[in-house]
Amino acid sequence: MTTENKSETQPAARRFPTWGDLGAMLGIALAAQLLVGGVATTIALALGVDVSGLTPEMQGRYLAATYFISMTAALAGVLSSRLRPGSFNTERG
């Protein structure tokens, strides 16, 4: 049985997250927030809802719903880009 140097058989793993990874995740979250907020507002306006005249209770419900949907979309985006080859740090130990 031969002993090989570990550095010769496997590439050196880099730390995760790097500054670039954090920037990409922040960009995904920002894009999800803008996309979901824009789509929700467009749908509300198409249905004839006056979003500027909502009661505080309805504003809270609207924001809670859009926040939940946008964060779910952001999490799905980060996880899918993390698992995609060539994005972020794909080396596994």
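**Helix α3.** At 1.5 Å a residue, its 28 residues should span 40 Å, and the end C-alpha atoms are 40 Å apart, which agrees. The expected span is 1.5 Å times one less than the number of residues in the helix. Helices here are DSSP runs of H or I with at least four residues, strands are runs of E with at least two, and both are numbered from the N terminus.

**Ground rules.** I noted that residues are numbered from 1 along each chain as its sequence is written, and that side-chain values use heavy atoms, with hydrogens and water left out. Because the model is predicted, local features need pLDDT of at least 70 and side-chain atom pairs count only at pLDDT 80 or more, while totals for chains, interfaces and linings use all residues.

**Buried side of α3.** Which residues of α3 are buried? I found T66, S70, A74, G77, V78 and S81. Buried means under 20% relative accessible area, exposed over 50%, and partly exposed in between, with a 1.4 Å probe and protein chains only. These buried residues of α3 pack against α2. An α-helix has 3.6 residues a turn, so residues three or four places apart point the same way.

**T66.** I then looked up T66, which lies in helix α3. T66 counts as buried because its relative accessibility is 11%. Leaving out residues up to four places away in sequence, T66 touches V36 and A40. A contact means heavy atoms within 4.5 Å.

**Helix α2.** I listed its buried residues as D21, M25, A32, V36, A40 and A44. They pack against α3, residues 56-83. Just after α2, G48 takes a positive phi of about 85°.

**A31.** Is A31 buried, partly exposed or exposed? A31 sits in helix α2. I wrote it down as partly exposed because its relative accessible area is 44%. A31 and A74 are 43 residues apart in sequence, yet their C-alpha atoms are 8.0 Å apart in space.

**Salt bridge.** How many salt bridges does the structure hold? I counted 1. The side chains of E57 and R61 meet in it, at 3.0 Å from N to O. A salt bridge is a side-chain nitrogen of Lys or Arg within 4 Å of a carboxyl oxygen of Asp or Glu. Both residues lie in α3, 4 residues apart, about one turn of the helix. Both E57 and R61 are exposed.

**Nonpolar patch.** I found a nonpolar surface patch of about 480 Å², made by L35, V39, I43, L47 and V49. Patch residues have over 30% relative accessible area and no salt bridge; like charges are joined within 9 Å, and nonpolar side chains (Val, Leu, Ile, Met, Phe, Trp, Tyr) within 5 Å. V49 is in the loop between α2 and α3. V49 counts as partly exposed because its relative accessibility is 35%.

**Whole chain.** Last, I noted the totals. The chain has 3 helices and 0 strands, in the pattern α-α-α along the sequence. Buried residues make up 16% of its 93 residues. The accessible surface comes to about 7,300 Å², with 67% belonging to carbon and sulfur atoms. Such areas come from the Shrake-Rupley method with a 1.4 Å probe, and for residues only the protein chains shown count as cover.
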